[in-house]
Amino acid sequence: MEFWFSELHTPDVKHSIRVNKHLYSVQSDYQRIDIFETPEFGRVLALDGNVMLTERDEFIYDEMITHVPMAVHPGIKDVLVIGAGDGGVVRELTRYETIERIDLVEMDPMVVEACRAYLPSNACRLDDRRVHITLGNALKYIRRSENKYDLIIVDSTDPFGPSEGLFTLEFYGNCYNALRADGIMVNQQGSPFYKEDARAMQRSHKRIASTFPISRVYQAHIPTYAAGYWLFGFASKKYHPVDDLDTQAWLALNLRTRYYTTRLHLGAFCLPAFLEEMLREVE
């Protein structure tokens with residue numbers, strides 16, 4: 001008998017992946033955590049029935065949420081990562097020798113434990129000497145931080161359930177205060193394709209645009225996420241994500257990537273007409 005894992009993208013659309021083995025399943029204090037072994041996508045992490053990452057395509061998400069701001073801001077030393085207990089974003093950040101400290105705030109300790117055990121390619125740098133893990137509420141953590149970080153990466157789940165508070169005007173204001181005078185915040189903005197996701201994206205962008213002087217949206221194509229089309233938000237006190245891209249400096253680092261390039265960086269901010277219109281409606 002075949003076993004399939006299905007994620008509902010809307011009440012009328014679902015994405016299904018054939019599963020070889022259900023490796024891990026637990027109900028934590030916050031959510032249900034499942035890890036599957038699949039023939040097409042390798043190991044798959046799902047939270048509350050939603051795909052968070054797969055071994056096959058996680059590099060797209062982690063590279064685009066990390067390298068875009070790192071290629072723009074030349075002096076990033078202190079980084080706050082919210083969520084991302086799987087370790088993929090931390091793995092990418094630790095490739096930069098210029099980064100001195102990475103604070104990772106993850107709500108659910110069982111996510112970190114599960115990924116250490118079953119997704120070592122993501123969690124492989126969580127023990128880097130520069131990484132400091134705080135298990136707890138990111139909303140409380142960010143309120144206590146002021147003028148502390150050069151970069152904040154908000155790698156949260158979607159704006160429903162446990163992560164809803166990470167998409168509020170108050171939260172973005174706290175992030176603004178936690179950043180230094182030239183700081184950058186990058187967050188996942190979901191998919192603009194299905195109606196409920198699109199409305200959530202617009203709400204988030206409106207709040208960010210009202211908080212930061214520079215606010216732009218960029219895109220990537222991730223096969224296992226809703227509609228295979230995903231957005232990120234770039235918000236900054238000083239740097240423009242295109243005008244201030246330092247291509248030569250980033251290329252000089254000789255970092256090997258599988259998705260991100262400086263050419264793609266520029267193209268990622270060239271949005272389709274329907275999306276530009278959606279953003280204009282709330283700006």
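This is a short walk through a predicted model, from its strands to its aromatic rings and on to a loop with charged residues.

Let us begin with a sheet. Strands of a sheet pair through backbone hydrogen bonds, either parallel or antiparallel. Here, four strands make up an open sheet in the order β3-β4-β5-β6, with antiparallel pairing. The edges are taken by β3 (21-27) and β6 (50-54); each has a single partner strand, so one side of each is left without a neighbour in the sheet. From one strand to the next, the twist averages 20°. To see one of these pairings in detail, look at β3 and strand β4 (residues 32-38), which are joined in the antiparallel sense over six bridges. Within this pairing, Ser 25 stands opposite Asp 34 in β4.

The loop between β3 and β4 is worth a stop, and Ser 28 is found there. Is Ser 28 buried or exposed? It is buried, because its relative accessible area is 7%, and the cut-off for buried is under 20%. A polar atom of the Ser 28 side chain lies 3.0 Å from the backbone nitrogen of Tyr 30. Not counting residues up to four places away in sequence, Ser 28 touches Ile 33, Asp 108 and Met 110.

Strand β10 (residues 149-155) is mostly covered, with seven of its seven residues buried. Which strands pair with β10? One is strand β7 (residues 78-83), which pairs with β10 in the parallel sense over five bridges; there, the bridge partner of Val 79 is Leu 151 in β10. Another is strand β11 (residues 179-190), which runs parallel to β10 and is joined to it by five bridges. In that pairing, Ile 153 stands opposite Val 186 in β11.

Now to the aromatic rings. A pair of aromatic rings is described by the distance of the centres and the angle of the planes. How many aromatic pairs does a search of the whole structure find? The search finds 13. One of them joins Tyr 61 and Tyr 225 in an edge-to-face arrangement, 5.9 Å centre to centre with 70° between the planes. This pair links distant parts of the chain: Tyr 61 belongs to helix α1 (residues 58-70), while Tyr 225 is in the loop between β12 (214-220) and β13, 164 residues apart. Tyr 61 has a relative accessible area of 5% and is therefore buried. Tyr 225 is buried as well, because its relative accessible area is 10%.

The rings of Tyr 218 and Phe 269 have their centres 4.9 Å apart and their planes at 35°, so this pair is tilted. Tyr 218 lies in strand β12 and Phe 269 in the loop between α9 (262-268) and α10 (273-282), so the pair ties together parts that are 51 residues apart in sequence. Both Tyr 218 and Phe 269 are buried. To put these rings in context, Tyr 61, Tyr 218, Tyr 225, Trp 230, Phe 232, Phe 234 and Phe 269 form one aromatic cluster.

The charged end of Arg 258 sits over the ring of Phe 59, 3.9 Å from its centre. Lys 237 lies over the face of Tyr 176, at 4.1 Å from the ring centre.

Our last stop is the loop between β13 (230-236) and α8 (247-251), where Lys 238 lies. Asp 244 is in the loop between β13 and α8 too. Lys 238 counts as partly exposed because its relative accessibility is 48%. Asp 244, at 31% relative accessibility, also counts as partly exposed.

What does Lys 238 contact, leaving aside its neighbours within four places in sequence? Its contacts are Ala 181, Asp 182, Ile 214 and Asp 244. Asp 244, not counting residues up to four places away in sequence, touches Ala 71, Val 72, Lys 238 and Tyr 239. The side chain of Asp 244 also reaches the backbone nitrogen of His 240 at 2.7 Å.

For Asp 244 and Asp 108, 136 residues apart along the chain, the C-alpha separation is 36 Å.

Terms used
Residues are numbered from 1 along each chain as its sequence is written. This is a predicted model: local features need pLDDT of at least 70, side-chain atom pairs count only at pLDDT 80 or more; totals for chains, interfaces and linings use all residues. Side-chain values use heavy atoms; hydrogens and water are left out. Helices (H or I, at least four residues) and strands (E, at least two) are DSSP runs, numbered from the N terminus. Buried means under 20% relative accessible area, exposed over 50%, partly exposed in between (1.4 Å probe, protein chains only). Contact means heavy atoms within 4.5 Å. Rings of Phe, Tyr and Trp (its six-membered ring) pair if their centres lie within 6.5 Å; planes under 30 degrees apart count as stacked, over 60 as edge-to-face and the rest as tilted. A charge sits over a ring if NZ of Lys or CZ of Arg is within 6 Å of the ring centre and within 35 degrees of the ring normal. A polar contact is a pair of N or O atoms within 3.5 Å; within protein, one must be able to donate a hydrogen and the other to accept it, and residues adjacent in sequence count only if both atoms are side-chain atoms. Two strands pair if DSSP finds at least two bridges between them. Axes are lines fitted to C-alpha atoms, for helices over the stretch in contact, and angles run from 0 to 180 degrees between N-to-C directions.
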